[in-house]
Amino acid sequence: MENIENSYTRLLEGNKLFANSKTFNDPEYFKKLSLGQAPEYLWVGCSDSRVPANEITSTKSGEIFVHRNVANLVVHTDINLLSVIEYAVNYLGVKHIIVCGHYGCGGVKAAMSNDLHGFVDNWLVNIKNVYNKHEKELLGITEIDKREDRLVELNVIEQVRNVAKTTIVQQAWKKRSLHIHGWVYGINSGLITDLCCIHDEQEDIETIYRYKI
Ligand code: CO
């Protein structure tokens, strides 16, 4: 039987190793970090434990401001996400917003089925809407794994557009450049594919979503 106490304390032991290794090379490491953060990137990723933003991009503490939720969704009524975007854009001045999905996403798989999973289905309905919008293309893909992979990609592309539809991003575009990227991570390869990017002012968004600012 698994030793519950060990599996828990392992993390605290790991933390000591982390702190010691940083100060071993640079005694001022944490003192410098404590002065403040100025990340250039905001990451909107999936909560999946296999997709840690810093680790898969070989970046350090202080480089990426991170928001993660089930299936990397950008929902316009999510005050948590909107607060994160506002803080990252207006106060931290990030230059890039990255929506990073991943192949084999459990949220996307669940959304493709008609099974009832619970409360989460009300969150995943946002992916069903993406599916519905692109149903013709998706049904044209006969292999189920490939269809899932394509929905993962389409979901990222739609979430990038959702970021661009926010008032926060559109107001920022009036003052400066801000790039929104759509990436997909391959859990089986460790590699990221760059899917799409919205570079500037209200490009690639239908007229109805564009605000007069
Ligand atoms: Co996922």
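Which residues lie nearest the centre of the largest pocket? They are Asn126, Asn129, Val130, Gln159 and Asn162, among 14 residues that line it. This is a predicted model, in which local features need pLDDT of at least 70, side-chain atom pairs count only at pLDDT 80 or more, and totals for chains, interfaces and linings use all residues. Residues are numbered from 1 along each chain as its sequence is written, and side-chain values use heavy atoms, with hydrogens and water left out.

**Largest pocket**
- A pocket is an open set of points on a 1 Å grid over the protein atoms alone, where a 1.4 Å probe fits, with protein on both sides within 12 Å along at least five of seven lines; lining residues have an atom within 4 Å of a point.
- The largest pocket has a volume of about 250 Å³, the space filled by probe spheres set on the points.
- Helices α6 (121-133) and α8 (144-164) each give two or more residues to the lining; helices are DSSP runs (H or I) of at least four residues, and strands (E) of at least two.

**Cobalt site**
- Cys46 (SG), His102 (NE2) and Cys105 (SG) are the protein donors of the cobalt ion, at 2.0 to 2.3 Å; donors are N, O and S atoms within 2.8 Å of the metal (3.2 Å for Na, K and Ca).
- Cys46 is in strand β1 (residues 41-46), and Cys105, 59 residues apart from it, is in the loop between β3 (96-102) and α5 (106-112).
- Both Cys46 and Cys105 are buried (under 20% relative accessible area, 1.4 Å probe, protein chains only).

**Helix α8**
- Of the 21 residues in α8, 15 are buried.

Definitions and conventions. Buried < 20%, exposed > 50% of the residue type's maximum accessible area, 1.4 Å probe, protein only.
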